[in-house]
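Reader: I'd like a close look at one bit of the surface here, and then at whatever it leads to further in. Could you walk me through it?

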Amino acid sequence: QVQLVESGGGLVQAGGSLRLSCAASGSIFSINSMGWYRQAPGKQRELVGAISSGGSTNYADSVKGRFTISRDNAKNTVYLQIDSLKPEDTAVYYCNVVTTGKFGLMYNYWGQGTQVTVSS
């Protein structure tokens with residue numbers, strides 16, 4: 001079983017920056033992709049961005065140019081660098097990891113969420 005531990009959230013002013021971390025541990029055979037989602041009050045959880053095992057990334061249009069996803073394979077960790085924060089970025093941010101486990105089956109795991117609050 002895989003567990004994801006997130007950190008790095010907090011309260012910042014508009015225009016500030018945060019760096020979120022998500023470390024995966026447990027029974028990991030291989031990681032197919034790692035990504036970040038967020039859920040704001042009254043909204044559905046949405047994809048912020050993701051990074052594949054090969055290093056390719058994709059982002060939601062709303063965060064392109066401001067958010068950067070990176071990974072450290074040795075640490076099984078994915079990061080989300082958030083710059084030029086806007087009030088509309090306020091949400092709970094969730095780490096998501098897709099792994100390949102026993103028998104080649106893929107599994108989907110979620111972090112506990114970390115709150116990002118941006119004041120205007």
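Which residues form a nonpolar patch on the surface, and about how much accessible area do they have together?

Author: That patch consists of F103, L105 and Y107, with about 350 Å² of accessible area together. For a patch, residues need over 30% relative accessible area and no salt bridge, with like charges joined within 9 Å and nonpolar side chains (Val, Leu, Ile, Met, Phe, Trp, Tyr) within 5 Å; the areas are Shrake-Rupley values with a 1.4 Å probe, where only the protein chains shown count as cover for residues. Before we go on, this is a predicted model, with local features needing pLDDT of at least 70, side-chain atom pairs counting only at pLDDT 80 or more, and totals for chains, interfaces and linings using all residues. Numbering runs from 1 along each chain as its sequence is written, and side-chain values use heavy atoms, leaving out hydrogens and water.

F103 sits in the loop between β9 and β10 (106-110), strands being DSSP runs of E, at least two residues, numbered from the N terminus. With a relative accessible area of 72%, F103 counts as exposed (that's over 50%; buried is under 20%, partly exposed in between).

Now go to T99, in strand β9 (residues 91-100). T99 is at 2% relative accessibility, so it's buried. Leaving out residues up to four places away in sequence, T99 touches S30, I31, N32, M106 and Y109, plus L105 and Y107, which also belong to the patch. Touching here means heavy atoms within 4.5 Å.

The sulfur atoms of C22 and C95 are 2.1 Å apart (the cut-off is 2.5 Å), and it's the structure's 1 disulfide. The S-S torsion is about -80 degrees, which means the disulfide is left-handed. C22 is buried, at 0% relative accessible area, and C95 is buried at 0% too.

Beyond its neighbours within four places in sequence, L4 is in contact with residues including C22, C95, V97 and Y109. L4 is also among the residues with the most contacts inside the largest nonpolar core, alongside W36, V78, L80 and Y93. That core has 28 residues, a core being buried Ala, Val, Leu, Ile, Met, Phe, Trp, Tyr and Cys joined through side-chain atoms within 4.5 Å. Among the elements giving two or more residues to the core are β1 (2-7), β3 and β9.

Definitions and conventions
Helices (H or I, at least four residues) and strands (E, at least two) are DSSP runs, numbered from the N terminus. Buried means under 20% relative accessible area, exposed over 50%, partly exposed in between (1.4 Å probe, protein chains only). A salt bridge is a side-chain nitrogen of Lys or Arg within 4 Å of a carboxyl oxygen of Asp or Glu.
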